[in-house]
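This briefing walks through a protein structure, topic by topic. Keep the sequence and the 3D view open while reading.

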Amino acid sequence: MTDADYAKTSKPHPNIVAIEVLKKNGVNVEKLKELITKGVGAEFTTYYYYTILRMHCTGLEGEGIKEIVEDARIEDRNHFEAMTPRLYELGGALPRDIRKFADQAGCPDAFLPDNWEDINSILKVLLEAEQCAIRSWGEVCDMTAGKDPRTYDIAQRIMQEEVEHEAWFIELLSKRPSGHFRRKFAGQSPHTGSQGGLIHL
Amino acid sequence: MIHRLCNAQDIADNSWNVFTVNNSVDVMVGFRNGKLFAFDNSCPHKGAPLSKGEFNGDRIVCHRHFYEFNIFSGKLENMPSWKKEDTWVEQNPAWRSSGDLKLYHAFIKEGSIYVEIP
């Protein structure tokens with residue numbers, strides 16, 4: 001029994017053309033569902049751990065990056081919200097047990113480091129998390145480019161924001177210019193969001 | 001079932017190609033110091049495509065978390081710690097755990113590379 005079997009219905013359903021066309025385009029749908037499940041797992045756990053990291057951005061230096069961490073935190077949650085409906089459209093499902101969900105996540109837990117009072121130590125953890133997410137969604141983009149426009153569209157929107165997050169944290173650590181201004185409001189998600197909502201809402 | 005993939009000369013030594021067999025199995029096939037190897041392109045740890053990795057001796061290093069698998073035995077031979085700094089907290093064992101590579105039998109016959117997919 002797979003993680004998604006609990007979500008199967010007892011009634012037969014008609015052929016799903018939206019999946020059929022992907023297979024005809026050469027998309028390995030089972031593999032795609034696996035990568036998406038791991039990707040949204042990473043976004044969700046990152047949202048949780050970024051909450052802790054943001055709470056520990058303290059003092060004069062911490063106050064300066066708190067809002068940037070908050071942007072990344074909310075936008076990572078938005079990524080989970082943006083891609084999860086696609087997982088179900090493809091016939092996948094989130095693992096029933098959140099413990100299993102976290103363990104299968106495609107990126108490591110962004111644990112608060114022991115020396116969190118050094119703000120650079122928090123920034124390094126944030127940077128690693130963003131870089132893993134870029135690799136992860138890049139794989140989904142590669143797999144779907146020219147074959148599955150719907151998944152590709154969502155994944156590339158997520159990628160764009162993850163790339164911006166990486167640039168922010170690199171700028172804060174090394175002073176290399178990120179090229180971006182701050183968001184208009186916390187967690188704006190200029191690519192996965194739309195007028196303050198999400199692309200599906 | 002046995003599948004013909006390509007001419008042996010189409011893959012240079014110390015490089016690889018990925019072939020999709022039956023529209024469902026991605027097989028990474030290549031030569032390492034003249035020796036043929038073939039395995040599933042999906043990293044047993046978190047499913048990343050191993051074709052984005054690089055060689056380290058006879059190991060393939062996954063680009064996502066840098067796990068290293070022996071391309072001939074399939075064994076996980078190096079599972080790097082997440083503690084990139086002493087003050088970082090290690091990942092839990094359930095997240096870190098990984099199986100070995102899924103190897104496929106590959107061979108050369110009359111100048112062509114074949115792979116057997118069960």
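How much area is buried between chain A and chain B? The area buried between the two chains is about 2,200 Å², and carbon and sulfur atoms give 47% of it. The model is predicted, and the values below are computed from it.

**The interface between chain A and chain B**

- Chain A brings 29 residues to the contact, and chain B brings 23 residues.
- On the side of chain A, the residues that lose the most area to chain B are Asp103(A), Pro108(A) and Glu139(A). Together these three account for 23% of what that side buries.
- There are 17 residue pairs in polar contact across the interface of chain A and chain B, counting pairs with both residues at pLDDT 80 or more.
- Three helices of chain A each supply at least two residues of the side that touches chain B: helix 2 (29-55), helix 4 (98-103) and helix 5 (119-144).
- Helix 5 of chain A gives the most to that side, with nine residues.
- Sorted by class, the side of chain A that touches chain B has 12 charged, 10 nonpolar and seven polar residues.

**Salt bridges**

- Over all chains the count comes to 21 salt bridges.
- Four salt bridges are found across the interface of chain A and chain B.
- Asp142(A) pairs with Lys52(B) in a salt bridge, where the closest N and O atoms are 2.4 Å apart.
- Within chain A, the side chains of Lys31(A) and Glu34(A) also meet in a salt bridge, at 3.7 Å from N to O.
- Why are Glu34(A) and Lys31(A) separated by about one helical turn? The two residues are three residues apart in helix 2 of chain A, so about one helical turn separates them.

**The second largest pocket**

- Rolling a probe the size of a water molecule over the atoms shows where empty space is left.
- The second largest pocket holds about 490 Å³ of space.
- Its lining is made of 21 residues. Those nearest the centre of this pocket are Lys31(A), Met143(A), Asp26(B), Asn41(B) and Pro49(B). Lys31(A) is also one partner in the salt bridge with Glu34(A).
- Both chains contribute elements to the lining of this pocket: helix 2 and helix 5 of chain A, together with strand 2 (15-21) and strand 3 (25-32) of chain B, each supply at least two residues.
- The lining of the second largest pocket divides into eight charged, seven polar and six nonpolar residues.

**The cavities**

- How many cavities of 30 Å³ or more does the structure hold? The structure holds two.
- The largest cavity has a volume of about 50 Å³, and the second largest cavity has a volume of about 40 Å³.
- The largest cavity is lined by 13 residues. Glu43(A), Thr46(A), Ala129(A), Ala133(A) and Glu162(A) lie nearest the centre of this cavity.
- Helix 2 and helix 5 of chain A are the elements that give two or more residues to the lining of the largest cavity.
- By class, that lining has six nonpolar, four charged and three polar residues.
- Residues of both chains line the second largest cavity: Glu128(A), Cys132(A) and Arg135(A), with Arg64(B), Phe66(B), Trp82(B) and Lys84(B).
- The lining of the second largest cavity has four charged, three nonpolar and no polar residues.

**Chain B as a whole**

- Chain B has one helix and 10 strands.
- From the N terminus on, the elements of chain B follow the order β-β-β-β-β-β-β-β-α-β-β.
- Taken along the principal axes, the C-alpha atoms of chain B fill a box of roughly 55 × 25 × 20 Å.

Note on methods. Residues are numbered from 1 along each chain as its sequence is written. Chains are lettered from A and ligands numbered from 1 in the order in which they are written. This is a predicted model: local features need pLDDT of at least 70, side-chain atom pairs count only at pLDDT 80 or more; totals for chains, interfaces and linings use all residues. Side-chain values use heavy atoms; hydrogens and water are left out. Contact means heavy atoms within 4.5 Å. Buried area is the accessible area (1.4 Å probe) that two parts lose on being put together, summed over both. A polar contact is a pair of N or O atoms within 3.5 Å; within protein, one must be able to donate a hydrogen and the other to accept it, and residues adjacent in sequence count only if both atoms are side-chain atoms. Helices (H or I, at least four residues) and strands (E, at least two) are DSSP runs, numbered from the N terminus. Ala, Val, Leu, Ile, Met, Phe, Trp, Tyr, Cys and Pro count as nonpolar, Asp, Glu, Lys and Arg as charged, and the others, Gly among them, as polar. On a 1 Å grid over the protein atoms alone, a cavity is a set of points where a 1.4 Å probe fits but cannot get out, and a pocket is an open set with protein on both sides within 12 Å along at least five of seven lines; lining residues have an atom within 4 Å of a point. Grid points are joined across faces, edges and corners, and a volume is the space filled by probe spheres set on the points.
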